[in-house]
Amino acid sequence: MADTTPKVPETPLILHHLNNSRSQRILWLLEELNVNYEIKFYQRQPDMMAPKELKDVHSLGKSPVITDGRHTIAESGAIVEYLVSRYGNGKWRPAEGTDEQLQYTYWLHTAEGSLMLPLLLTLILGAAIQETPFLVRLVPYIIRREINTRMIEPNLKAQYELIEEHLSKNEWFAGSQISGADIQMVFPIDITAGQMDKFIGEHTRAWLEKVRSRPAYIKAMEKGGPFDMQKL
């Protein structure tokens, strides 16, 4: 009989956690998996960039990053896959070859692929306006308005219509069971709910509230510190 006991790190796994960042969802997953871990906190600089100390952990100097024994792993999707594979006890990723596994893969990659790009553009354009001298601020404002109207909003509308349709038929992103796909999707949906709520449909909102009510999510938010969508 196969041993289904969850693996426990001999030494605590370390999450290198940057405030107001994607590492918040990794913290949630660690709580769900009940992994033995520690948090090393890093604070954004006044320009909202990560501190240089993160480059001592990984050459890209970004978060999230985890250190698990001899492994140092960056990128949210790679971290989710690693944690689910190593500590998920077969419960956080659907079986290979199933329809649920296809859904899992699609939404796992959609989170940082199709969905985050328009959100990042919105954040970057907003920051650019704030950095522009007041007397000429109208110029980047007009540029942002045109980009929003022609590209960002139509893109987000289409994405969230697809998400809403999917969640009207499925309890979680990979079907009837919560999975790593939900971990990935919570970050962009949280941002959208905080800044562009008009795109969030009834079933998407219900999914988000279900996530936020999970004990592991609540505990992760308490441990990770304040999470301000306006400062991402």
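## Strands that pair

Two strands are said to pair if DSSP finds at least two bridges between them. Keep that in mind as we look at this predicted model.

Let's start with strand 3, residues 65-68. Strand 3 runs antiparallel to strand 4 (residues 71-74), and four bridges link the two. Within this pairing, Val 65 stands opposite Ala 74 of strand 4. Two residues lie between the strands of this hairpin, where Gly 69 takes a positive phi near 65 degrees.

Strand 3 also has a partner in strand 1 (residues 13-18), again antiparallel, with three bridges between them. Here you can find Leu 15 opposite Ile 66.

## A strand covered on both faces

Are the residues of strand 3 buried or exposed? Val 65 and Thr 67 on one side are buried, and so are Ile 66 and Asp 68 on the other.

## A helix with a buried side

Now turn to helix 7, residues 215-224. Its buried residues are Ala 216, Tyr 217, Ala 220 and Gly 224. Viewed down the axis of helix 7, these buried residues fall within an arc of 100 degrees, so they line one face of the helix.

What do the buried residues of helix 7 pack against? Their partners are strand 1, strand 2 (37-42), helix 1 (23-33), helix 5 (180-195) and helix 6 (202-212). On the face turned away from the buried side, you will find the exposed residues Pro 215 and Glu 222. Just after helix 7, Gly 225 takes a positive phi of about 90 degrees.

Methods
Residues are numbered from 1 along each chain as its sequence is written. This is a predicted model: local features need pLDDT of at least 70, side-chain atom pairs count only at pLDDT 80 or more; totals for chains, interfaces and linings use all residues. Side-chain values use heavy atoms; hydrogens and water are left out. Buried means under 20% relative accessible area, exposed over 50%, partly exposed in between (1.4 Å probe, protein chains only). The arc is that of the directions from the helix axis to the C-beta atoms. Contact means heavy atoms within 4.5 Å.
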